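Hi everyone, thanks for coming. Let's have the structure up on the screen, and then I'll walk you through it.

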Amino acid sequence: MVRISKALLKEATTGLSRTLSEILVCPLSKQPLRVCEETGSIISDSIGVSFPIKDGIPCLVPKDGKILDIDDTLKDDGADDDGATKRN
Amino acid sequence: MASLQLCLPFSSTSRFRYRPVRCANERQALFNRIAPVYDNLNDVLSMGQHRIWKRMAVTWSGVKSGDNVLDLCCGSGDLAFLLSEKVWPAGKVTGLDFSEDQLSMASSRQDLLSKVCYRNIEWVEGDALDLPFSDCFFDGITMGYGLRNVVDRRKALQEMFRVLKPGSRISVLDFNKSTQPITATIQEWMINIVVVPVASGYGLAEEYEYLNSSIKEFLTGKEQEKLALEVGFSTAKHYEITGGLMGNLVAMR
């Protein structure tokens, strides 16, 4: 019963609850975050880093962030879109 | 359930050893390793008293129904569950820890316990030194057995101050680094003679030997009060409990 309730509270595509979506900010810049539905990760545009979500738990430890490719941050410029590739 | 194999007090495997300070990665790995037996050992080693200490910490935080609160270094969630009962129905609890395995235990316990009020708890994997929350956000913050384990206590207190609403309190429970020689000796003796042998029955002797060195490197109650005031808290008071074995810092922004 609780599991079903929790599932209803989560965004269907992202696995992050509405509550968390509203309160979390970038751990380093303290700027707003956005959820990338394609990769199911949390993006900090202010520092160009993505953070994973595992089983609905956002992982915002700075050292676990992945630096985004420049392509991911130039979406509006019509640059080559190779998908959301990320450097490890 | 692991069987308890008590070691002889003065055997070579339980010599009184003081391990050096560990970096954050090592501490994270340590807490991941002890996660499966953490709750069980807390009960055994404190004879259930940790539940009382944690209730006291929650009371000292001053949180009430409807509050939005944060539990740092939440581990398997003991304090978060207590906070949830206090802030229910309209309040929310966020539990943050850097150990994925501890958070997994907390999430599983939340499902298993299935109390209605526990639905207001959210778990976040994060670093107490770089909190992913806005300024002046929380009505109360607790931290249980965390301040002694962070690598930069000033920064941890600064972050707690930053995300706390003015007029609200932090309540930080931990071992007390006593200035009384007898208390310090008894505390060290209890860890070496009781805690470590019991932990060794779970294959975790080394992990719990870490306790004594971490207490030696910790701040006294007065030092914690001084640091909290330096960071910007308007008041700070450290209370000793259980004969000085444990302590609780209460500070208001």
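Which side chains meet in a salt bridge at 3.3 Å, N to O? They are E100(B) and K54(A); a salt bridge here is a side-chain nitrogen of Lys or Arg within 4 Å of a carboxyl oxygen of Asp or Glu.

A quick word on the ground rules. This is a predicted model, where local features need pLDDT of at least 70 and side-chain atom pairs count only at pLDDT 80 or more, while totals for chains, interfaces and linings use all residues. Residues are numbered from 1 along each chain as its sequence is written, chains are lettered from A and ligands numbered from 1 in the order in which they are written, and side-chain values use heavy atoms, with hydrogens and water left out.

Now, the interface. Between chain A and chain B there are two salt bridges in the count. Chain A brings 23 residues to the contact and chain B brings 26 residues, contact meaning heavy atoms within 4.5 Å. Together the chains bury about 2100 Å², with 59% of it on carbon and sulfur atoms; that is accessible area (1.4 Å probe) that two parts lose on being put together, summed over both.

Finally, chain B itself. Please find α2(B), residues 38-46, and α3(B), residues 49-61; helices are DSSP runs (H or I, at least four residues), numbered from the N terminus. Their axes come within 7 Å and cross at roughly 100°, the axes being lines fitted to C-alpha atoms over the stretch in contact, with angles running from 0 to 180 degrees between N-to-C directions. So α2(B) and α3(B) are roughly perpendicular, a label for 65 to 115 degrees.

Methods: Helices (H or I, at least four residues) and strands (E, at least two) are DSSP runs, numbered from the N terminus. Angles under 35 degrees count as roughly parallel, over 145 as roughly antiparallel, 65 to 115 as roughly perpendicular and the rest as oblique.
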